[in-house]
Amino acid sequence: MAQGSTAGSTTPQSFQEIILRLQNYWADKGCAILQPYDMEVGAGTFHPATTLRSLGTKPWAAAYVQPSRRPTDGRYGENPNRLQHYYQYQVIIKPSPANLQELYLGSLKAIGIDLGLHDIRFVEDDWESPTLGAWGLGWEVWCDGMEVSQFTYFQQVGGHDCKPVSGELTYGLERLAMYVMNVGHVMDMPFNSPDAPIPLTYGDIFRQTEEEYSRHNFDGATTGMLFRHFEDAEAECQRLLDFPALDPKTGKTIIMAHPAYDQTIKASHLFNLLDARGVISVTERQAYIGRVRALAKKCADAFRQTEAGRDAAEPDAVPA
Amino acid sequence: MPDLLIELFSEEIPARMQAGAREALKKLVTDGLVEAGLTYGGAGVFSTPRRLVLALEGLSPASRPVSEERKGPRTDAPQAALDGFLRSTGLSIDQLEKRADKKAEVYFAVVKKPGRPAAEIVAKVLESTIRNFPWPKSMRWGAGSLRWVRPLHSILCILSDESGAGIVPLTVGGIPSGDTTRGHRFMGPEAFTVTSFEDYAAKLRRAKVMLDQAEREEAIAHGAKNLAFAAGLEVVEDRSLLTEIAGLVEWPVPLLGQIPEAFLGLPAEVLQTSMKEHQKFFSARNPKTGRIEGFITVANIETPDDGATILAGNLKVLTARLSDARFFWENDLRVAKTGMAEWAEGLTHVTFQSKLGSQSDRINRIAALAREIAPLVGAEPDQAEHAARLAKLDLRSAMVGEFPELQGVMGRYYALEAGEPEAVANAARDHYSPLGPSDAVPSEPVSVAVALADKLDTLTGFWAIDEKPTGSKDPFALRRAALGVIRLVLGNGVHLDLLNILDNQITPWLLHEHNREIWEQQNYEDQIARYLGISREFLDETMRKTGRIRNSETHPEEFREIFSTINWGEIDLFSKQSRDLLAFFHDRLKVFLKDQGIRHDVIDACLAMPGSDDITLLVKRATALSDTLKTEDGKNLIQGYKRANNILTQAEAKDGVEYSFGPDPKLAETDQERALFTALDQAEAKIAPAMKEEDFATAMQAMSKLRAPIDAFFDTVQINAENPIIRRNRLNLLHRIREICSGTADLTKIEG
């Protein structure tokens, strides 16, 4: 790992520098650097580059920033650590390499964490996403008692066993950056370089939107419409998957797994909004989660029938 | 004799699983080796977050050769039978022996199995151990199919003796065995070779790994104590936290920090819980003020700045956590000051159990019951009811939302803030107690009333909806609740008519909304009779007796109303559920008393007496009887009693009369007979008042004094005398023995 230390040691000066260093580091390690998925999601895991691509036998390595939304976490920009819109950094590698822990530690070094000075710990934390029908075993990673990442070996996604297993790393970027740069309130964190001609803090960019979205999430969003959209997304997902695989226009087999999965993502976010609006009771909650999970499972089933999600060993996957 | 060393090196093993894994590794490997014919001297098993280690001393170098004999077909048996035997033994006919067996000659196969070298056996056993390891949760990784708790990286397996060490060759899931390992992830990451357990342990220590969990625990406890002492503080001991932390580090480095001034006003329990649950910190108390003022975190690394960076980081996280806690605390205090009405309202929307209604419904039931119980435990009914209404309000507080384990503890603080008296506040804290068999039993009257009401409501509710514990399944901790009632009652000497209370709680559930289907059916009376565990005729009879006349026109609603006005306990009709729940209490009581050395037959003898649903009375009786039976007189008295009872019972059966007229001392013929009369008079004079006082010990002591006169009587006097008047008088005398003795317990149930 000696070669991995080149980017490390100096403390980053801004939020974006941390992101850039992670991008460079994981690009260096051979990951495809993807862009965020262009939909509202609750976490980086929802990106099809993770959920769908962790299925099937095709090797895969990707890293990306994913803006994530958790409507119930809105605090009008006042809480030093809590945001309804925040960034996750996500790495997904299939099959999980034997040195994934070392690769991960190298990334901490790259963003300026001196591993000889800090106390890094892997503390049991098994991951489960009831909405995605997914679970895995792993840890939360602690740096001096602060949870800085989630480290998971996927065992099942969308009800399918992961064979081979993907290794997933999720960094909570704001929290990690605040820690590395020793910032007390997220809104005070420099976003670009403090020496830039126009220095911008996280608050310059997001304080106002946190306020607006907090009000929207808790009081503004029209619940009737959200309920309707949830039903629409659910129906559309099912409809897209019900199409015959053979496309009469092109004569090709085209299963619309990704467009259907988009509807699952939509349904999931709509549910989160409804939850924030406080209109879903405890008993209904489980039922809604179950409905989203049913969609996720169907999309996973469909994806497994496609070129990208098929097992290489299956005879029909071998080119004729 | 070689030594065996096995190390399974993996990514971080959850701390909570390590103790079980150590035991499993030792058992699976040693059982496997012994089964394969090897012996060993001593075994040591160790774990760190990254390794699971077994060291065996003095392993036999090889298993003993064994020879196995199998009897085959007779020599004149058909060829097919012989062929089958040859196939199953894998031998040819010239390798078989012919032996005479009874009348015929029979083939015998002697299969000799040579001894197998230890290495071969170890390889097989270890592979099977790894593949079948009982992890509570295991996983796959990469492209492989092997399962382990987290990815397994290397297998060290060597046999060593004076001549040197050798690798035991095996490969599991693509991982070949070897003789190398690594030290601490950051302080000793280089691989090194080992030749024996001593060499392994020494090199590991140099590479900053303390192999032994116990040694790490000791190092943490000792280090923490010293740090705290130097700062004028003392560590709050926490055994389970110590074990957990020792399973998270390979090289423990305790560090002490001060809690920022701004948080010192938080309740000690909040500081402790937050620091333990979120950050795995020990708390350090100032012995002068009793306040929690410091924390101890245990790092896994020695750093050039002596942990300054680590401590600063931890302090920062702590500050954020405690800021949250203080926010909750201050908000909660604001609600508490106004009397907690907001929380009471909130609990109307929280479901306790779908069939048992909301938390608010539950609180209403508990409050009514606490009021009823209050006079029996010396509490003021109004205050007990009021305390019960407040006791669970903290469930809606932000702090308990964050730390459920603080329920009750916070309730006490909030009740005090609301201006409630100490007794009411303490009931909030104590009404969950006793939680376990060793947990303290509340003794303040208001606390006792609420604690009893809480548990009795839970038990009767779940009994009414037929959610009873089965086998090992007890999701609502009903056994614990029943034991809690038993300990509360005994610990405070409370007399409860338990059956009546249970029934008064259970029967109303029959009228409850969730039983509506019973009432809506055509034959609802049959349903009700079944619910109560009585016959339809008996139900009709009861309705008539209590003056509630019904006819075929009576509407179910009307019947329901009539039914609800009957005091079932008053007419001694207890529902099936109530009787069943009382039996459950008796079962728990038997388990409880057995632990205290009271035999089950003694309890059965006392259960047969009236008022056995008064647990305090029952246990008094059982204790006295148990003590009596420990004396020589007591043991023999039982024999005498049984003899008297048997003779009397037989005579009564034969003669068809009851000999209960009272014997006449004037008809006594011998000294022994007269002495028995005197003894019975004396005993009775003592027993009757003692029984009135429920002083069973005195009563039974007096009773056991009868042993000598009864024995002497039987030794010298013929019961079945020729003179029928004398005979009748003697049988009447036996009846007096029975009368006097059976007032304390049903002695026929005593074994032996």
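Okay, let's start with a pair in chain B: helix 26 (residues 671-692) and helix 29 (residues 724-741) pack at an angle of about 30 degrees, axes 11 Å apart. That makes helix 26 of chain B roughly parallel to helix 29 of chain B; the label covers angles under 35 degrees, with over 145 roughly antiparallel, 65 to 115 roughly perpendicular and the rest oblique. Axes here are lines fitted to C-alpha atoms, for helices over the stretch in contact, and angles run from 0 to 180 degrees between N-to-C directions. Helices are DSSP runs (H or I, at least four residues), numbered from the N terminus.

Quick housekeeping: this is a predicted model, where local features need pLDDT of at least 70 and side-chain atom pairs count only at pLDDT 80 or more, while totals for chains, interfaces and linings use all residues. Residues are numbered from 1 along each chain as its sequence is written, chains are lettered from A and ligands numbered from 1 in the order written, and side-chain values use heavy atoms, leaving out hydrogens and water.

So who touches whom in that pair? By contact I mean heavy atoms within 4.5 Å. In helix 26 of chain B, residues including B:Leu676, B:Phe677 and B:Glu684 meet a set in helix 29 of chain B that includes B:Arg730, B:Leu733 and B:Ile737. By class, that contact has 7 nonpolar, 1 polar and 5 charged residues (Ala, Val, Leu, Ile, Met, Phe, Trp, Tyr, Cys and Pro count as nonpolar, Asp, Glu, Lys and Arg as charged, the others, Gly among them, as polar).

Next pair: the axes of helix 16 (residues 478-492) and helix 22 (residues 576-595) of chain B come within 9 Å and cross at roughly 70 degrees. That makes helix 16 of chain B roughly perpendicular to helix 22 of chain B. The class count is 10 nonpolar, no polar and 3 charged residues.

Helix 16 of chain B also packs with helix 15 of chain B, at about 145 degrees with axes 9 Å apart. Among the residues making that contact are B:Leu456 and B:Leu459 of helix 15 of chain B and B:Ala482 and B:Val485 of helix 16 of chain B.

Now the core: which residues touch the most other members of the largest nonpolar core? Of its 131 residues, they are B:Leu459, B:Phe585 and B:Leu625. A nonpolar core is a set of buried (under 20% relative accessible area, 1.4 Å probe, protein chains only) Ala, Val, Leu, Ile, Met, Phe, Trp, Tyr and Cys residues joined through side-chain atoms within 4.5 Å. Helix 15 (residues 445-464) of chain B gives the most to this core, with 12 residues.

Methods. Helix = DSSP H or I, 4+ residues; strand = E, 2+ residues; numbered from the N terminus. Buried < 20%, exposed > 50% of the residue type's maximum accessible area, 1.4 Å probe, protein only.
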